[in-house]
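Okay, thanks for making time, everyone.

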Amino acid sequence: MEWFERTKPYEADLIADLNQIVKIPSILDPNTQSDRTPFGVDMARALAKMEELAARDGFRYGRVDNMVTWIEYGPADAAETVAILTHIDIVPAGEGWLRDPFKPEILDGLYFGRGAADMKADLMSAYYAMKYLADHEITLTRKIRLIIGTDEENGWRDLPRYFEVEGEPTMGFSPDGAFPVVNGEKAFQTVQLRFANQTTGDYVLRRFIAGSRPNVVPGEARARVSVPNPAQVQNEFAPYLAQYPFLSGQSEVRDQEVRLLLKGVQAHGAYPQDGENAGTYLANFLRRFAFNADAKTFLDFIGRVVHDDIGAENLGLRYHDDVMGDLTLNVGVMRFSQNGQGTILLNFRYPQGVNVQAVTTQVQRHLGDFEATVEVWPGGMEPHLVPETDELVGTLSLVYAKQTGMYMNPRTSNGGSYARLLKRGVAFGGQFPDVPVTSHQANESTPVANLTRSMAIFAESLLKLAK
């Protein structure tokens, strides 16, 4: 019997369990952080739900510092461990949803909900792959550990702590990428610009807000400006939007103040080409007006220097590596508040051959009149590459080829998965090549058929790696 035929009967139960997880808005919540809930109450609820499933299905499980839950199958005293590295945290829902992101629905063969693509569905497919092996009482030599983190979308404070306590697994994969095998991951680093927010003259930028996370392309931007002629701003805004069919927006006048809303296309910051940055477009529009002081340099930097420049050519950072590809830039967060403190967060993904010092140096050189302090955010990662000759890469590649009928060479990704924390770690699934990427986007979804399709690939892979 083919593996997909073996896993298909699990589909209804898998979806029922996935629904329970997607309904929990496991987003970093500073308001409910404590020692018991280091990333918020909902994150702790999500881990507890996974532990409830593990207890129901007879797995060994445990928790590390209330940050990570592990679920295990195989000989407890095995000298070697095959890890499945996952996370249960998600990014905020954002705007533009046609349905409640935390009330999962199936429509036209697609499963909708925040986390459907990144990465609750793949977490559940991996869990059910392990459940399949346990249900069939398959004997293993290595043990398998499903490791579930809660800080992947933020500071990666969880799995490093897990490794300190539990040690590093022998090898593993993270179903937080794409098929086929992703044996290389570019570096990712966020650079923060801090600056004063002085705004003077007849044109006053009172407030500018776009983006919530450095690793998300902002889908919405808002600004409040005081200008001598509000009608002029309104009259020019509509034609500006009309130039770009992917943009929409609205304007409102209150006294001499104009309030602008611009909507672009939200996307994962690892692939800025999939989105349209609402923040840089709004700044690009506003820089035509006679703003002065810090407002002028702020709008010029994000509306000209880094606008529509995902290769960072204007910063002197265009770079290509034959193995790992191109450097990319996402302008993830933009903040300006009159007479306050301003912030811009630039998220870079770069291959081997580039380092963080080169990135920060080039940003500093291209600030022009923009008097900003350039700081490196903690938590960045250098490039990661596992040789194609490694047993892990070869085994996963062959399983994928066998089940899909198509061999595809291992490749490099712009995304960052927990796989890079292992010396022998790769990303593997659950994004199939023929499926549009919806991670971090409104109306995030995954094909229902791929839930057990991924499960089948993971199950055979785990069997071969742990047998």
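Glutamate 236 is partly exposed, at 24% relative accessible area. Before I go on, keep in mind that this is a predicted model.

So what does glutamate 236 pair with? Its salt-bridge partner is arginine 288, and the closest N and O atoms sit 3.1 Å apart. That pair links distant parts of the chain: glutamate 236 belongs to helix α6, residues 230-242, while arginine 288 is in the loop between α7 and α8, 52 residues apart. Arginine 288 is partly exposed too, with a relative accessible area of 41%.

Next, arginine 424. This side chain meets aspartate 390 in a salt bridge, 3.1 Å from N to O. Arginine 424 is in the loop between β23 and β24, and aspartate 390 in the loop between β22 and α10, so the pair ties together parts that are 34 residues apart in sequence. Are these two buried or exposed? Arginine 424 counts as partly exposed at 25% relative accessibility, whereas aspartate 390, at 15%, counts as buried because the cut-off for that is under 20%.

Arginine 424 also meets glutamate 391 in a salt bridge, at 3.6 Å, N to O. Here the link runs from helix α10, where glutamate 391 lies, to that β23–β24 loop, 33 residues apart. Glutamate 391 is partly exposed, with a relative accessible area of 38%.

Overall, the structure holds 34 salt bridges. There's also a network of them linking Asp17, Arg56, Asp57, Lys131 and Asp135.

Okay, over to the sheet. Strand β11, residues 204-210, runs antiparallel to β13, residues 220-226, and six bridges join them. Arginine 207 stands opposite arginine 224 in β13. β11 is also joined to β19 by four bridges, again antiparallel, with alanine 210 partnered by methionine 334 in β19.

β11 and β13 are the elements giving two or more residues to its lining, and β13 gives the largest share, three residues. Altogether 22 residues line this pocket, with Gly94, Glu95, Gly219, Glu220 and Gln266 nearest its centre. By class, that's nine nonpolar, nine polar and four charged.

Last stop: cavities. How many are there of 30 Å³ or more? The count is three. The largest cavity has a volume of about 70 Å³, and its lining includes Asp122, Phe432 and Asn450.

Definitions and conventions
Residues are numbered from 1 along each chain as its sequence is written. This is a predicted model: local features need pLDDT of at least 70, side-chain atom pairs count only at pLDDT 80 or more; totals for chains, interfaces and linings use all residues. Side-chain values use heavy atoms; hydrogens and water are left out. Two strands pair if DSSP finds at least two bridges between them. On a 1 Å grid over the protein atoms alone, a cavity is a set of points where a 1.4 Å probe fits but cannot get out, and a pocket is an open set with protein on both sides within 12 Å along at least five of seven lines; lining residues have an atom within 4 Å of a point. Ala, Val, Leu, Ile, Met, Phe, Trp, Tyr, Cys and Pro count as nonpolar, Asp, Glu, Lys and Arg as charged, and the others, Gly among them, as polar. Grid points are joined across faces, edges and corners, and a volume is the space filled by probe spheres set on the points. A salt bridge is a side-chain nitrogen of Lys or Arg within 4 Å of a carboxyl oxygen of Asp or Glu. Buried means under 20% relative accessible area, exposed over 50%, partly exposed in between (1.4 Å probe, protein chains only).
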